[in-house]
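Please read these notes with the structure open beside you.

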Amino acid sequence: MQYSVGTALLVCLGVNVGAGLTARLPIRQAAVTVTETVTSPTPAPTTYNWAAGATERYPIHSSCNATQRALLSRGLHEAITLAQHAKQHILRFRSSSKFYVKYFGEAPTAEAVGWYDRIVNADRGGIWFRCDDIDGNCQQPGRAGHWRGDNATQETVICPLSFTSRMPLEGLCGYGYSVAAGKLNFYFGSDLVHRLYHLPAIGEGIVDHYADTYNDCLELAVSNPAEAVRNSHTLQYFALGVYAYDISLPGEGCTGKAPEPEAPAAPSPTTDSGASATTTAGTECHTHADGTEHCT
């Protein structure tokens, strides 16, 4: 029998090279891969929800009819729009904004941002906007609404005059209006910014009346910036000013100039009939946090 070199090598190794050599060679088994999936135990669901029970919309009382509700909802949306843009303007420009320096002086920007953000994002639980004249104040001449004060600190009454005399925010810089010479309550949204700050849930009893007229607010920015960022009228003036400049008439706005203060009238001569009673016709009044009444 003849063997090849390869076969001889197998013989030397003790491998049987007889018939069926190929069949007797061990067969290599195919590798088998086993994959085992290990899953972590599912965490038990938690019942805690930090935002549970939050009130996201300003509540409107059932005393408001459908028309009043629609107009008031629009006005509140405009108040939020004014506050949101005022906040964004400060965050964008900080104290380099000429408007910021004009109205808030050297005050740090964080507090003004915070007061605007409270209108935008603070929880609205417990707040009510009513239309039922529950305190009987809407009967007074010029009364367009009032904070209820000690009667109900989180409630505001909106009188019928508000629904017939307030303009929409889309009209800012229209109707011959200027921020410096116009009334802060000419637009429903701006008026509601003021009313919201009277509510402890929004103004926290800190935002108040430290200066009222346009010129007084500008003076406050210089003399007491810390009060300027807490002054209700200053917060309104700034919000209207930057919205007019950035949005209504971009790059132009309608700041205008404040009218010159009127000289005090000479006292009228005394008559036998006595002094006449002071009238509030044409004025609009609200109650301050300390219970005093303020008419403009």
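The points below concern a predicted model and cover a pair of helices, a pocket and the disulfides.

1. Start with helix H3, residues 66–93, and helix H7, residues 188–198. Their axes come within 7 Å and cross at roughly 80°. An angle from 65 to 115 degrees counts as roughly perpendicular, and H3 and H7 are therefore roughly perpendicular to each other.

2. Next, look at which residues meet between these helices. H3 contributes Leu71, Leu72, Gly75, Leu76, Glu78, Ala79 and Leu82. On the H7 side are Phe188, Gly189, Ser190, Leu192, Val193 and Leu196. Sorted by type, the residues of this contact are 9 nonpolar, 3 polar and 1 charged.

3. The second largest pocket holds about 220 Å³ of space. Its lining is made up of Glu56, Arg57, Tyr58, Pro59, Ile60, Arg69, Ser73, Leu76, His77, Ile80, Val120 and Arg124. Which helix gives the largest share of this lining? It is H3, with 5 residues. Leu76 lines the pocket and also belongs to the contact of H3 with H7.

4. By type, the lining of the second largest pocket divides into 6 nonpolar, 4 charged and 2 polar residues.

5. The model has 3 disulfides. One of them joins cysteine 64 and cysteine 131, with sulfur atoms 2.0 Å apart. The link is right-handed, with 85° about the S-S bond.

Key:
Residues numbered from 1 in each chain as written. Predicted model: local features only at pLDDT ≥ 70, side-chain atom pairs only at ≥ 80, totals over all residues. Heavy atoms only, no water. Axes fitted to C-alpha atoms, helices over the stretch in contact; angles between N-to-C directions. Helix = DSSP H or I, 4+ residues; strand = E, 2+ residues; numbered from the N terminus. Parallel < 35°, antiparallel > 145°, perpendicular 65-115°, else oblique. Contact = heavy atoms within 4.5 Å. Nonpolar A, V, L, I, M, F, W, Y, C, P; charged D, E, K, R; others polar. 1 Å grid on protein atoms, 1.4 Å probe; cavity = no way out; pocket = protein on both sides within 12 Å on 5 of 7 lines; lining within 4 Å. Points joined across faces, edges and corners; volume = space filled by probe spheres on them. Disulfide = S-S within 2.5 Å.
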